[in-house]
Amino acid sequence: MCNLLHCTPSCNDWSVQIESARARSVDDTRKRILDVALEMLGQNPEAGMGDIASAAGVVRRTVYGHFPTRTDLIRSLTQQAVNEMTAVLTEVNASDGSADAAWVDFIARLWPLARRYRVLLALRRGEYGEEIHALLGPVDKTLADLVERGQDSQVFGRHLPAGILSQVAYAAVFSIADNDLSNGSLGARAATITSLLILGVPEPRAKALVSDRR
């Protein structure tokens with residue numbers, strides 16, 4: 001028998017299991033809300049918390065329990081994107097290849113994430129722009145460093161400063177990912193070649209790099 005004065009080890013184990021199951025349930029609900037929010041905001045950046053709650057199969061109170069404001073939700077989505085993209089960039093930067101080959105590797109790994117987080121482009125231009133920009137700072141800096149490395153080794157053009165050039169090429173990938181969801185006629189190959197051309201890589205070299213990656 002288990003009570004406050006006398007609790008056997010098995011009772012303690014049972015309590016731990018209950019708490020662990022409860023924590024998993026909370027985490028699962030939070031993840032489901034984030035996944036649904038990404039999908040809904042991707043279709044309509046103006047989707048409200050009530051719309052997201054309904055699509056996730058929970059009440060509004062549950063959504064607000066995890067994300068007290070819409071800003072908190074957007075911040076969590078952005079931080080999740082930053083974490084995943086940073087992991088990709090870290091692996092790419094660890095390679096010893098040329099900057100243009102590293103960019104191709106980056107886009108190949110980024111493509112599924114670009115499709116998933118394409119809504120951040122739209123949100124970045126709106127009221128959440130300043131906060132999203134700040135959270136994406138580490139990713140922007142790493143991309144700029146990669147482009148600067150390519151400029152120094154003369155595989156990328158110098159028609160724009162590295163920080164701006166990296167953002168233009170990066171944004172093109174997300175724009176193509178967004179459009180590709182509508183008609184499916186483009187894809188990672190088109191996004192990679194387009195971004196390389198923006199970076200100043202000659203078309204024959206861009207196509208060869210993409211072919212070698214396959």
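**Helices, rings and buried residues**

User: Which residues of helix α10 (residues 188–198) are buried?

Analyst: This is a predicted model, in which local features need pLDDT of at least 70 and side-chain atom pairs count only at pLDDT 80 or more, while totals for chains, interfaces and linings use all residues. Residues are numbered from 1 along each chain as its sequence is written, and side-chain values use heavy atoms, with hydrogens and water left out. A helix here is a DSSP run of H or I with at least four residues (a strand is a run of E with at least two), numbered from the N terminus, and buried means under 20% relative accessible area, exposed over 50% and partly exposed in between, with a 1.4 Å probe and protein chains only. By these terms, the buried residues of α10 are Ala191, Thr192, Ile193, Ser195 and Leu196.

User: How many helices and strands does the protein have?

Analyst: Read along the sequence, the protein follows the pattern α-α-α-α-α-α-α-α-α-α-α. The secondary structure therefore comes to eleven helices and zero strands.

User: At what angle do α10 and helix α11 (residues 203–213) pack?

Analyst: Two packed helices are described by the angle between their axes and the distance between the axes. The axes are lines fitted to C-alpha atoms over the stretch in contact, and angles run from 0 to 180 degrees between N-to-C directions. For α10 and α11 the axes are 9 Å apart, and the angle is about 145 degrees.

User: How do the residues of the contact of α10 with α11 divide into nonpolar, polar and charged?

Analyst: Contact means heavy atoms within 4.5 Å, and it is made by Arg189, Thr192, Ile193, Leu196 and Leu197 of α10 together with Glu203, Ala206, Lys207, Leu209, Val210 and Ser211 of α11. Ala, Val, Leu, Ile, Met, Phe, Trp, Tyr, Cys and Pro count as nonpolar, Asp, Glu, Lys and Arg as charged, and the others, Gly among them, as polar. The residues of this contact divide into six nonpolar, two polar and three charged.

User: With which residues is leucine 196 in contact, leaving aside its neighbours within four places in sequence?

Analyst: Leucine 196 is found in helix α10 and is buried, with a relative accessible area of 0%. Its C-alpha atom and that of tryptophan 103, 93 residues apart along the chain, are separated by 8.0 Å. With those neighbours left aside, leucine 196 is in contact with Asp100, Trp103, Val104, Phe156, Val201, Ala206, Leu209 and Val210.

User: Is aspartate 100 buried or exposed?

Analyst: Aspartate 100 is found in helix α5, and, leaving aside its neighbours within four places in sequence, it is in contact with Val155, Phe156, Leu196, Val201, Arg205 and Leu209. With a relative accessible area of 1%, aspartate 100 is buried.

User: Of which kind is the pair of rings of tryptophan 103 and phenylalanine 106?

Analyst: Rings of Phe, Tyr and Trp (its six-membered ring) pair if their centres lie within 6.5 Å, with planes under 30 degrees apart counted as stacked, over 60 as edge-to-face and the rest as tilted; by this rule there are two aromatic pairs. Tryptophan 103 and phenylalanine 106 are three residues apart in helix α5 (residues 99–116), so they are separated by about one helical turn. Their ring centres are 5.7 Å apart and their planes are at 65 degrees, so the pair is edge-to-face.
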